[in-house]
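Please read it with the structure open beside you.

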Amino acid sequence: MSKQNILQWIKNNQSDFTEMAKKIWEHPQIAYEENYASDLQASKLKEEGFSIHSPIGGISTAFVAEYGSGKPIIGILGEYDALPGLSQTVNTVQEPVELDGPGHGCGHNLLGTAGVEAVIALKEVMDECDINGTIRYYGCPAEEVLSGKTYMAREGVFDDLDCALTWHPWTSNMTLNMSMQAIVSIRFHFKGIPAHAAASPHAGRSALDAVELMNVGTNFLREHVVDGSRIHYVITNGGLAPNIVPEHASVWYYLRASTKEQVEDILRRVEKIAQGAALMTETEVYSEIDAFAYDTLPNEALNDLMFENMKLAVPLAYTVEEAKFAQELLKTVDSNIVKMTHNSTNEILASDLQNDKLTKGKVLTGSTDVGDVSWITPVGSIMVTCAPIGIQLHTWQATASFGSSIGIKGMHFAAQTMALSAYDLLLNNNHILERAKEEFNLSTKDKPYVAGIPENVKPKTTNLA
């Protein structure tokens, strides 16, 4: 009856976590500045008897909440950072709460809160049934800049886990059997010689010329990288005025590929292009790595477990008002995009469950620092409907959805799934832990985890521009 007790506890107490998710949605803060969400969640967990360890990895908004003792040690990963420029009310027309302000266009107000809900529900059943073991909630900052978990991993906080579970808001309910790409975030800074651009251009050496030549070289490189790779950049500093030869200029790159090794090879070549641009322009160049996240390593044993527990969770059902909200919101999205992402059931709000094994080995083009954790310990992951099919992440429409009752329902469904799955893992039903670890060990053989961010690089807790 303990699984039913978990579901009943969540039903009886879900209003507390609905309020938490809404409060975090109403107080969006970007990477490394998530003080409101971090404090709110840590305070709730401390109140419930969890021990809180913070800061982690030099980050004040990172924490670990722990309950119980001994083995197994089961982790649940949470996130709570928002995105810049995506402020939006719960509305079907674009209406920012704060012009150019941040917003939860990736649903991290839901993601972390579901984890808090799950571990507290699990703690109640552990006490009631005298279940041994340790559960942890990881308050992970700065996922949107793909580095929070890397700094936490560098400190070793995931090393003793038997496994971890996580989820992400999406437009369907599915196990994440696909991998996500590895990524490096790196900035190149060029230094030249200033001069009057009209009177004495010959005396100057343009750092901006170097940036532009680097970008040209990198664009030619696109033809010669592995399929599925992504190279994208923005010029973050192009000089101060047209009549001054720019002394300083900078460009910020994201390099993605299916594996960390592939990213390392692309990075090696891009660094040579930067050196060539500096040589051509007689400037100097140096670089700094902001993030270097691994590709994610799916664990079929854990994903299968989570899928079985998705079947036990209270099914998702939507009201007439929610369906109307979804329809009106989709009218603001390009109809071709909606058609491309629609499913075979013609549902706009997906309630069916998917565990497609044929997707194993395929790679999504996005990235996440969950990848780092997945190379340290087995990680199970699901996606849950929190927005209509056709809504894209990192948009104002996503922010509206994730602040609505549609997003909240998905959050509670995810919390139920994770709590039920963690319960099975604590009891090690059907030797699930051994199977998950065997799969993990085969996948990581001779590939020990080494943090991609160099030891001398510290978290950028301010000035993320």
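1. UniProt positions are given here in the numbering used for this chain, with feature names shortened, and annotations may be inferred rather than shown by experiment. An unreviewed UniProt entry lists residues 183-275 as "domain: Peptidase M20 dimerisation". Over residues 183-275 the chain is 33% helix and 29% strand, where helices (H or I, at least four residues) and strands (E, at least two) are DSSP runs numbered from the N terminus.

2. This is a predicted model, in which local features need pLDDT of at least 70 and side-chain atom pairs count only at pLDDT 80 or more, while totals for chains, interfaces and linings use all residues. Residues are numbered from 1 along each chain as its sequence is written, and side-chain values use heavy atoms, with hydrogens and water left out.

3. Eight strands form an open sheet with mixed pairing, in the order E1-E2-E4-E3-E5-E14-E6-E12; two strands pair if DSSP finds at least two bridges between them. Strand E1 (51-53) and strand E12 (353-354) stand at the edges with a single partner strand each, so one side of each is left without a neighbour in the sheet. Strand E6 (residues 173-175) and strand E14 (residues 379-385) run antiparallel and are joined by two bridges, with methionine 174 opposite methionine 383 in E14.

4. Aspartate 369 lies in the loop between strand E13 (363-364) and helix H10 (370-374). Is aspartate 369 buried or exposed? Aspartate 369 counts as buried because its relative accessibility is 0%, buried meaning under 20% relative accessible area, exposed over 50% and partly exposed in between (1.4 Å probe, protein chains only).
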